[in-house]
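Student: Hi! I'm new to this one and would like a friendly walk through it. Could you show it to me?

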Amino acid sequence: MLPLLRLFGIDVSQIKEALANVENLDRMTEELAAIPDRFNDLFAKRGWIIYDLMNLEVAKATIVKAEAGDIDGAEADLVNYYNAETVEWKLRTMMGVEAFRPRGPLAEKAFVDYKEERYHACVPVVLALLDGLVNELHEKRRGFFAEEVNLQAWDSIAAHDKGLNALVKIFQTGRYKTTSETITIPYRNGILHGMDLGYDNRMVAAKSWAALFATRDWALRVEQGLLQAPPKEPKETWGDLFRQIRENEEDKVLLGAWKPRVLVIGEDI
């Protein structure tokens, strides 16, 4: 392409400079693109998934720690990430979802309980808010914990089979025996039906908030009508490319010939 571009009088020096960095950019892009799957493969079975507004550095650090063999320590870091300041900020971003706004006051009360370490009160409310939000937006009126609910969206970090759909299956796990043992995953049926009595802890509460914030990705796309991929645009031809180059050069000529006018108040205006 460079010889052809030179024929049109185009300075190709910057293009050469950009191409020189392609290898590094390609490697960085591959590393970033792999982070969501690496994170979900490690943590989804424990009730965590990555999503748009999750801190990327936190995600990368926990992946490194887990892959080094300390997955329990990595999970503890994730729990610590959901401190009061983080949850409060992410709760504000939820107001960008129109269907969540009526749920805001109740969510604020759940946040106060979380901040004051009243996890027994916080967790059931957050799970109910999560279920109701999905139910309102789902085309088949199915909540987050409904059977066969599908939370997929085009071009979403969270809304796919390794993300929200995997989380749904884990949170939906049937719990049929009363237990007082501490649990680490917010099993909705066990908690709300009074079978899992040991849900009163920060890890379960943090995972409940994280699931709600991850669902924001899907909810926004529903409201914006972006669940499906847009139709593909026709591919550009070589003729289109050279026509655009020619038009750009013509614009440069016109801009180079432009001179400002001197306007006199009372005469020109």
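Tutor: Let's start with a word we'll need: contact means heavy atoms within 4.5 Å. This is a predicted model, where local features need pLDDT of at least 70 and side-chain atom pairs count only at pLDDT 80 or more, while totals for chains, interfaces and linings use all residues. Residues are numbered from 1 along each chain as its sequence is written, and side-chain values use heavy atoms, with hydrogens and water left out.

Student: Okay, what does Glu 75 touch, leaving out residues up to four places away in sequence?

Tutor: Glu 75 touches Phe 43, Arg 46, Trp 48, Met 203 and Lys 207.

Student: And where is Glu 75 found?

Tutor: Glu 75 is part of helix α5, residues 71–81. Helices (H or I, at least four residues) and strands (E, at least two) are DSSP runs, numbered from the N terminus.

Student: Is Glu 75 buried or exposed?

Tutor: Glu 75 is buried, as its relative accessible area is 6%. Buried means under 20% relative accessible area, exposed means over 50%, and partly exposed is in between, using a 1.4 Å probe and protein chains only.

Student: Which residue forms a salt bridge with Glu 75?

Tutor: Arg 46 does, and the closest N and O atoms are 2.7 Å apart. Arg 46 sits in the loop between α3 and α4 (56–67) and Glu 75 in helix α5, so the pair ties together parts that are 29 residues apart in sequence. A salt bridge here is a side-chain nitrogen of Lys or Arg within 4 Å of a carboxyl oxygen of Asp or Glu. Arg 46 itself is partly exposed, at 23% relative accessible area.

Student: How many salt bridges does the structure hold?

Tutor: The structure holds 14. One of them brings together the side chains of Glu 136 and Arg 103, at 2.8 Å from N to O. That pair links distant parts of the chain, with Glu 136 in helix α8 and Arg 103 in the loop between α6 and α7, 33 residues apart. Glu 136 is partly exposed at 36% relative accessible area, whereas Arg 103 counts as buried at 17%.

Student: New topic! How many residues of α9 are buried?

Tutor: Seven of the eight residues in helix α9 (residues 164–171) are buried, and the helix is mostly covered. Among the buried ones are Leu 164, Ile 170 and Phe 171. Their cover includes α10 (188–192) and α11 (202–223).

Student: What about strands? Where does Thr 182 sit?

Tutor: Thr 182 belongs to strand β1, residues 179–182. Thr 182 is exposed, at 63% relative accessible area. Beyond its neighbours within four places in sequence, Thr 182 is in contact with Gly 198 and Asn 201. The C-alpha atoms of Thr 182 and Gly 198 are separated by 4.2 Å, though the two residues are 16 apart along the chain.

Student: Last one: what is the phi of Glu 117?

Tutor: Glu 117 has a positive phi of about 65°, although it is not a glycine. Glu 117 lies in the loop between α7 (104–115) and α8 (119–137), and is exposed at 56% relative accessible area.
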